[in-house]
Amino acid sequence: SLPRVYVTRKVPPDGLQILRKSGQVQLELWDSDDPVPRRELLKKVKGCDGLLCVLTEKIDAEVLDAAGPTLKVLSTMSVGFDHLSLDELKKRRIRVGYTPEVLTDAVAELTVALLLATSRRLIEAAHEAKTGGWGTWRTQWLCGYELANSTVGILGLGRIGVAIAERLKPFKVKRFIYTDVEPRPELAEMIQAEYVSMDDLARQSDFLAACCALTPETQSICNKNLFSNMKKTSIFINTSRGGVVNQEDLYEALATGEIAGAGLDVTTPEPLPTNHPLFTLKNCVILPHIASASYTTRNAMSALAANNLLAGLRGDRMLKELHL
Ligand code: GLV
Ligand code: GLV
(Lines give C-alpha, C1' and ligand atoms only; values in the text may rest on other atoms or scores of the structure.)
(Ligands and ions follow the chains in the order given, each with its own letter.)
Protein backbone atom coordinates (compact mmCIF):
# COMPACT_ATOMS: atom_id res chain seq x y z
CA SER A 1 0.00 0.00 0.00
CA LEU A 2 0.99 3.63 -0.49
CA PRO A 3 3.07 5.45 2.11
CA ARG A 4 0.92 7.32 4.62
CA VAL A 5 1.45 11.04 4.98
CA TYR A 6 0.00 13.39 7.57
CA VAL A 7 -0.14 17.11 6.79
CA THR A 8 -0.55 19.17 9.96
CA ARG A 9 -2.15 22.26 8.40
CA LYS A 10 -4.17 23.59 5.50
CA VAL A 11 -1.25 24.39 3.20
CA PRO A 12 -1.39 26.66 0.12
CA PRO A 13 -2.84 25.07 -3.06
CA ASP A 14 0.38 24.33 -4.98
CA GLY A 15 1.79 22.01 -2.32
CA LEU A 16 -1.47 20.22 -1.77
CA GLN A 17 -1.93 19.66 -5.49
CA ILE A 18 1.56 18.19 -5.84
CA LEU A 19 0.81 15.68 -3.09
CA ARG A 20 -2.64 14.84 -4.45
CA LYS A 21 -1.55 14.45 -8.06
CA SER A 22 1.53 12.41 -7.26
CA GLY A 23 -0.53 9.29 -6.71
CA GLN A 24 2.41 8.35 -4.55
CA VAL A 25 0.94 8.82 -1.10
CA GLN A 26 -2.10 8.20 1.02
CA LEU A 27 -2.92 11.65 2.37
CA GLU A 28 -4.51 12.75 5.55
CA LEU A 29 -4.62 16.37 6.63
CA TRP A 30 -5.58 18.68 9.44
CA ASP A 31 -7.62 20.85 7.10
CA SER A 32 -7.66 24.00 9.17
CA ASP A 33 -5.94 27.38 9.46
CA ASP A 34 -5.44 26.75 13.15
CA PRO A 35 -2.79 24.43 14.56
CA VAL A 36 -3.64 20.80 15.03
CA PRO A 37 -4.25 20.08 18.74
CA ARG A 38 -1.32 18.23 20.24
CA ARG A 39 -3.40 15.16 21.17
CA GLU A 40 -4.77 14.93 17.65
CA LEU A 41 -1.25 15.18 16.21
CA LEU A 42 0.01 12.45 18.54
CA LYS A 43 -2.88 10.24 17.43
CA LYS A 44 -2.60 10.94 13.71
CA VAL A 45 1.16 10.47 13.31
CA LYS A 46 0.95 6.88 14.48
CA GLY A 47 2.14 4.63 11.68
CA CYS A 48 2.86 7.47 9.24
CA ASP A 49 5.73 7.24 6.75
CA GLY A 50 5.91 10.97 6.15
CA LEU A 51 4.95 14.10 8.04
CA LEU A 52 4.54 17.60 6.58
CA CYS A 53 4.45 20.26 9.28
CA VAL A 54 4.63 24.02 9.81
CA LEU A 55 6.58 26.00 12.39
CA THR A 56 3.92 25.94 15.10
CA GLU A 57 4.31 22.18 15.56
CA LYS A 58 6.96 21.15 18.04
CA ILE A 59 8.43 17.96 16.57
CA ASP A 60 10.12 16.33 19.54
CA ALA A 61 10.72 12.87 21.02
CA GLU A 62 7.07 12.60 22.06
CA VAL A 63 5.79 13.10 18.51
CA LEU A 64 8.45 10.86 17.00
CA ASP A 65 7.72 8.12 19.55
CA ALA A 66 4.02 8.46 18.79
CA ALA A 67 4.76 8.10 15.08
CA GLY A 68 6.82 4.99 15.62
CA PRO A 69 9.43 3.34 13.40
CA THR A 70 7.47 3.81 10.16
CA LEU A 71 8.30 7.52 10.04
CA LYS A 72 11.09 8.10 7.53
CA VAL A 73 10.65 11.66 6.33
CA LEU A 74 9.78 14.99 7.93
CA SER A 75 9.17 18.01 5.74
CA THR A 76 8.70 21.41 7.31
CA MET A 77 7.18 24.30 5.37
CA SER A 78 9.66 26.77 6.83
CA VAL A 79 13.25 27.86 6.57
CA GLY A 80 13.54 27.90 10.36
CA PHE A 81 14.04 24.59 12.13
CA ASP A 82 14.10 25.55 15.80
CA HIS A 83 10.74 23.75 16.25
CA LEU A 84 12.41 20.45 15.37
CA SER A 85 14.43 18.34 17.81
CA LEU A 86 17.28 17.63 15.42
CA ASP A 87 19.05 15.21 17.79
CA GLU A 88 15.91 13.10 18.10
CA LEU A 89 15.39 13.09 14.33
CA LYS A 90 19.00 12.13 13.71
CA LYS A 91 18.89 9.35 16.28
CA ARG A 92 15.94 7.83 14.43
CA ARG A 93 17.53 8.42 10.99
CA ILE A 94 14.56 10.48 9.87
CA ARG A 95 15.37 12.68 6.87
CA VAL A 96 14.37 16.34 7.13
CA GLY A 97 13.37 18.73 4.35
CA TYR A 98 12.93 22.49 4.76
CA THR A 99 12.27 25.52 2.54
CA PRO A 100 15.20 27.95 2.25
CA GLU A 101 15.73 30.33 -0.70
CA VAL A 102 12.15 30.42 -2.01
CA LEU A 103 11.26 32.88 0.75
CA THR A 104 14.38 35.05 0.67
CA ASP A 105 12.88 37.84 -1.48
CA ALA A 106 9.66 38.06 0.52
CA VAL A 107 11.47 38.10 3.86
CA ALA A 108 13.96 40.71 2.70
CA GLU A 109 11.13 42.91 1.39
CA LEU A 110 9.22 42.69 4.65
CA THR A 111 12.35 43.40 6.65
CA VAL A 112 12.93 46.60 4.69
CA ALA A 113 9.26 47.56 5.11
CA LEU A 114 9.43 46.94 8.85
CA LEU A 115 12.70 48.83 9.14
CA LEU A 116 11.23 51.88 7.41
CA ALA A 117 7.96 51.61 9.33
CA THR A 118 9.95 51.67 12.56
CA SER A 119 12.59 54.28 11.70
CA ARG A 120 10.08 56.69 10.10
CA ARG A 121 7.39 55.90 12.68
CA LEU A 122 4.73 55.03 10.11
CA ILE A 123 2.34 53.15 12.38
CA GLU A 124 2.41 55.86 15.03
CA ALA A 125 2.03 58.57 12.38
CA ALA A 126 -0.93 56.90 10.66
CA HIS A 127 -2.57 56.48 14.04
CA GLU A 128 -2.08 60.19 14.83
CA ALA A 129 -3.54 61.22 11.46
CA LYS A 130 -6.62 59.11 12.01
CA THR A 131 -7.28 59.93 15.65
CA GLY A 132 -7.02 63.71 15.76
CA GLY A 133 -3.39 64.13 16.70
CA TRP A 134 -2.67 65.95 13.44
CA GLY A 135 -3.18 69.48 14.75
CA THR A 136 -0.88 71.13 12.24
CA TRP A 137 2.40 70.59 10.41
CA ARG A 138 5.14 70.74 13.01
CA THR A 139 8.87 71.05 12.50
CA GLN A 140 10.03 68.20 14.73
CA TRP A 141 6.87 66.18 15.06
CA LEU A 142 7.20 62.45 14.25
CA CYS A 143 10.80 62.85 13.21
CA GLY A 144 12.73 59.64 12.83
CA TYR A 145 15.99 58.38 11.42
CA GLU A 146 17.06 58.00 7.82
CA LEU A 147 18.99 55.33 5.99
CA ALA A 148 21.05 57.77 3.94
CA ASN A 149 24.63 57.86 5.25
CA SER A 150 23.86 55.22 7.85
CA THR A 151 25.69 52.08 8.95
CA VAL A 152 23.59 48.93 8.74
CA GLY A 153 24.61 45.93 10.85
CA ILE A 154 23.58 42.39 10.09
CA LEU A 155 23.57 39.82 12.85
CA GLY A 156 23.97 36.45 11.11
CA LEU A 157 24.91 36.87 7.48
CA GLY A 158 23.12 34.37 5.28
CA ARG A 159 21.05 34.56 2.11
CA ILE A 160 18.45 36.73 3.82
CA GLY A 161 20.97 39.20 5.24
CA VAL A 162 22.52 39.61 1.79
CA ALA A 163 19.09 40.16 0.22
CA ILE A 164 18.24 42.80 2.82
CA ALA A 165 21.51 44.66 2.20
CA GLU A 166 20.99 44.55 -1.58
CA ARG A 167 17.62 46.22 -1.11
CA LEU A 168 18.89 48.80 1.37
CA LYS A 169 21.89 49.86 -0.70
CA PRO A 170 19.85 52.13 -3.04
CA PHE A 171 18.75 54.07 0.05
CA LYS A 172 22.36 55.33 0.17
CA VAL A 173 23.51 53.31 3.13
CA LYS A 174 27.12 54.27 3.80
CA ARG A 175 28.43 51.03 5.21
CA PHE A 176 27.38 47.43 5.84
CA ILE A 177 28.89 45.50 8.73
CA TYR A 178 28.07 42.03 10.00
CA THR A 179 28.92 39.49 12.60
CA ASP A 180 28.56 35.74 12.67
CA VAL A 181 30.32 32.77 14.29
CA GLU A 182 32.97 33.21 11.61
CA PRO A 183 33.51 35.49 8.60
CA ARG A 184 31.48 34.64 5.47
CA PRO A 185 33.71 36.16 2.79
CA GLU A 186 31.72 34.96 -0.23
CA LEU A 187 28.42 36.40 1.00
CA ALA A 188 30.08 39.50 2.45
CA GLU A 189 31.68 40.29 -0.87
CA MET A 190 28.30 40.47 -2.59
CA ILE A 191 27.36 43.45 -0.43
CA GLN A 192 30.82 44.78 0.49
CA ALA A 193 30.13 44.10 4.14
CA GLU A 194 32.84 44.21 6.74
CA TYR A 195 33.20 41.56 9.45
CA VAL A 196 33.20 43.00 12.97
CA SER A 197 32.86 41.72 16.53
CA MET A 198 29.46 41.55 18.22
CA ASP A 199 30.37 44.55 20.37
CA ASP A 200 31.43 46.62 17.36
CA LEU A 201 28.27 45.63 15.53
CA ALA A 202 26.26 47.03 18.44
CA ARG A 203 28.40 50.16 18.81
CA GLN A 204 28.55 51.12 15.13
CA SER A 205 25.15 50.16 13.69
CA ASP A 206 22.46 52.77 13.10
CA PHE A 207 20.20 49.92 12.05
CA LEU A 208 20.81 46.45 13.41
CA ALA A 209 18.94 43.55 11.82
CA ALA A 210 18.89 40.06 13.32
CA CYS A 211 18.86 37.56 10.44
CA CYS A 212 20.29 34.47 12.12
CA ALA A 213 18.83 31.04 12.77
CA LEU A 214 17.70 30.35 16.33
CA THR A 215 20.10 27.77 17.77
CA PRO A 216 21.47 27.16 21.27
CA GLU A 217 24.29 29.58 20.33
CA THR A 218 21.97 32.43 19.28
CA GLN A 219 19.37 32.01 22.07
CA SER A 220 18.90 35.46 23.74
CA ILE A 221 21.99 36.80 21.96
CA CYS A 222 20.23 40.18 21.68
CA ASN A 223 20.28 41.09 25.35
CA LYS A 224 21.21 43.89 27.74
CA ASN A 225 24.84 43.65 26.72
CA LEU A 226 23.98 44.28 23.05
CA PHE A 227 21.36 46.98 23.64
CA SER A 228 23.53 48.91 26.11
CA ASN A 229 26.29 49.06 23.49
CA MET A 230 23.93 50.39 20.81
CA LYS A 231 23.50 54.06 19.99
CA LYS A 232 20.55 55.91 21.49
CA THR A 233 19.53 56.78 17.93
CA SER A 234 19.67 53.21 16.61
CA ILE A 235 16.92 50.91 15.44
CA PHE A 236 16.76 47.18 16.12
CA ILE A 237 14.93 44.86 13.69
CA ASN A 238 14.17 41.17 14.15
CA THR A 239 12.73 38.98 11.40
CA SER A 240 14.45 35.76 12.53
CA ARG A 241 13.01 34.20 15.68
CA GLY A 242 11.79 35.71 18.93
CA GLY A 243 14.16 33.46 20.85
CA VAL A 244 17.24 35.40 19.74
CA VAL A 245 16.00 38.33 21.86
CA ASN A 246 15.78 38.73 25.60
CA GLN A 247 12.47 40.59 25.57
CA GLU A 248 12.75 42.01 29.09
CA ASP A 249 16.09 43.55 28.13
CA LEU A 250 14.61 44.88 24.89
CA TYR A 251 11.65 46.41 26.72
CA GLU A 252 14.03 48.12 29.14
CA ALA A 253 16.21 49.45 26.31
CA LEU A 254 13.17 50.86 24.47
CA ALA A 255 11.45 52.27 27.55
CA THR A 256 14.56 54.02 28.84
CA GLY A 257 15.67 55.34 25.46
CA GLU A 258 18.80 53.21 25.32
CA ILE A 259 17.83 52.57 21.67
CA ALA A 260 15.42 54.56 19.50
CA GLY A 261 13.09 51.84 18.27
CA ALA A 262 12.49 48.22 17.46
CA GLY A 263 10.61 46.41 14.70
CA LEU A 264 9.74 42.81 15.48
CA ASP A 265 8.12 40.31 13.16
CA VAL A 266 8.79 37.52 15.66
CA THR A 267 8.29 37.35 19.42
CA THR A 268 8.21 35.00 22.39
CA PRO A 269 5.61 33.64 22.64
CA GLU A 270 3.66 33.78 19.39
CA PRO A 271 1.10 35.17 19.41
CA LEU A 272 2.40 37.80 21.84
CA PRO A 273 -0.40 38.41 24.41
CA THR A 274 -2.13 41.73 23.68
CA ASN A 275 -1.41 42.89 27.23
CA HIS A 276 2.33 42.44 26.79
CA PRO A 277 4.35 45.53 27.90
CA LEU A 278 6.02 45.78 24.46
CA PHE A 279 2.62 46.69 22.98
CA THR A 280 2.48 49.78 25.21
CA LEU A 281 5.57 51.30 23.57
CA LYS A 282 5.16 53.72 20.69
CA ASN A 283 8.69 53.00 19.51
CA CYS A 284 8.06 49.30 19.06
CA VAL A 285 6.38 47.98 15.90
CA ILE A 286 5.17 44.41 16.25
CA LEU A 287 3.99 42.27 13.36
CA PRO A 288 2.44 38.79 13.59
CA HIS A 289 5.22 36.74 11.93
CA ILE A 290 4.40 37.63 8.31
CA ALA A 291 7.84 38.00 6.70
CA SER A 292 7.30 35.23 4.14
CA ALA A 293 3.59 36.00 3.72
CA SER A 294 3.18 36.72 0.02
CA TYR A 295 0.91 34.49 -2.06
CA THR A 296 3.78 33.61 -4.40
CA THR A 297 6.19 32.71 -1.64
CA ARG A 298 3.80 30.74 0.54
CA ASN A 299 2.75 28.74 -2.52
CA ALA A 300 6.40 28.13 -3.41
CA MET A 301 7.14 27.06 0.16
CA SER A 302 4.27 24.57 0.11
CA ALA A 303 5.38 23.19 -3.27
CA LEU A 304 8.97 22.79 -2.09
CA ALA A 305 7.83 21.13 1.14
CA ALA A 306 5.63 18.73 -0.86
CA ASN A 307 8.42 17.90 -3.32
CA ASN A 308 10.92 17.40 -0.49
CA LEU A 309 8.51 14.98 1.16
CA LEU A 310 7.85 12.97 -1.99
CA ALA A 311 11.55 12.77 -2.85
CA GLY A 312 12.36 11.63 0.67
CA LEU A 313 9.70 8.92 0.56
CA ARG A 314 11.09 7.65 -2.77
CA GLY A 315 14.55 7.56 -1.24
CA ASP A 316 15.72 10.24 -3.67
CA ARG A 317 17.71 13.36 -2.99
CA MET A 318 15.49 16.16 -1.68
CA LEU A 319 15.57 19.61 -3.27
CA LYS A 320 16.37 21.13 0.12
CA GLU A 321 17.44 18.79 2.86
CA LEU A 322 18.75 19.59 6.32
CA HIS A 323 21.79 17.42 6.81
CA LEU A 324 21.72 16.37 10.44
C1 GLV B 1 9.34 31.45 8.81
O2 GLV B 1 9.54 32.00 9.85
C3 GLV B 1 10.08 30.31 8.36
O4 GLV B 1 10.90 29.77 9.12
O5 GLV B 1 9.86 29.89 7.22
C1 GLV C 1 7.50 69.47 3.17
O2 GLV C 1 6.40 69.07 2.82
C3 GLV C 1 8.11 70.65 2.65
O4 GLV C 1 7.53 71.29 1.74
O5 GLV C 1 9.23 70.95 3.12
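Ala306 touches Gly15, Ile18 and Leu19, leaving aside residues up to four places away in sequence. Two residues are in contact here if their C-beta atoms, placed from the backbone, lie within 7 Å. This is a predicted model: local features need pLDDT of at least 70, side-chain atom pairs count only at pLDDT 80 or more, and totals for chains, interfaces and linings use all residues. Residues are numbered from 1 along each chain as its sequence is written, while chains are lettered from A and ligands numbered from 1 in the order in which they are written.

Ala306 sits in helix H12, residues 295-314. Helices (H or I, at least four residues) and strands (E, at least two) are DSSP runs, numbered from the N terminus. Is Ala306 buried or exposed? Ala306 counts as buried, because 28 C-beta neighbours lie inside 10 Å. The cut-offs are these: buried means 20 or more other C-beta atoms within 10 Å of the residue's own, exposed means 12 or fewer, and partly exposed is in between, with C-beta atoms placed from the backbone. Leu116 is 190 residues from Ala306 along the chain, and their C-alpha atoms are separated by 35 Å.

Now look at the helix that meets H12. Helix H1 (residues 13-22) packs against H12 at about 30 degrees, with the axes 6 Å apart. That angle makes H1 roughly parallel to H12. Axes are lines fitted to C-alpha atoms, for helices over the stretch in contact, and angles run from 0 to 180 degrees between N-to-C directions. Angles under 35 degrees count as roughly parallel, over 145 as roughly antiparallel, 65 to 115 as roughly perpendicular and the rest as oblique. On the H1 side, the contact residues include Pro13, Leu16 and Ser22; on the H12 side they include Asn299, Ala303 and Leu310. By class, this contact of H1 with H12 has 8 nonpolar, 5 polar and 1 charged residues. Ala, Val, Leu, Ile, Met, Phe, Trp, Tyr, Cys and Pro count as nonpolar, Asp, Glu, Lys and Arg as charged, and the others, Gly among them, as polar.

Another helix pair is H5 (residues 104-119) and H7 (residues 159-168). Their axes come within 9 Å and cross at roughly 55 degrees. That makes H5 oblique to H7. The H5 residues in contact include Thr104, Val107 and Val112, and those of H7 include Arg159, Ile164 and Leu168. The contact of H5 with H7 divides into 7 nonpolar, 2 polar and 3 charged residues.

Next, the backbone. Most residues other than glycine have a negative phi, and most peptide bonds are trans. Glu101 has a positive phi, near 70 degrees. Glu101 lies in the loop between strand S5 (95-97) and H5, and is partly exposed, with 13 other C-beta atoms within 10 Å. Ser220 has a positive phi near 55 degrees. Its loop runs between strand S9 (207-210) and helix H10 (224-229). The bond from Thr268 to Pro269 is cis, with omega near -5 degrees. The bond from Glu270 to Pro271 is cis, with omega near -5 degrees. Pro269 is in the loop between strand S11 (261-264) and strand S12 (284-286).

Finally, the record. UniProt, in an unreviewed entry, places "domain: D-isomer specific 2-hydroxyacid dehydrogenase NAD-binding" at residues 112-291. UniProt positions follow the numbering used here, feature names are shortened, and annotations may be inferred rather than shown by experiment. Residues 112-291 are 31% helix and 16% strand, with end C-alpha atoms 10 Å apart.
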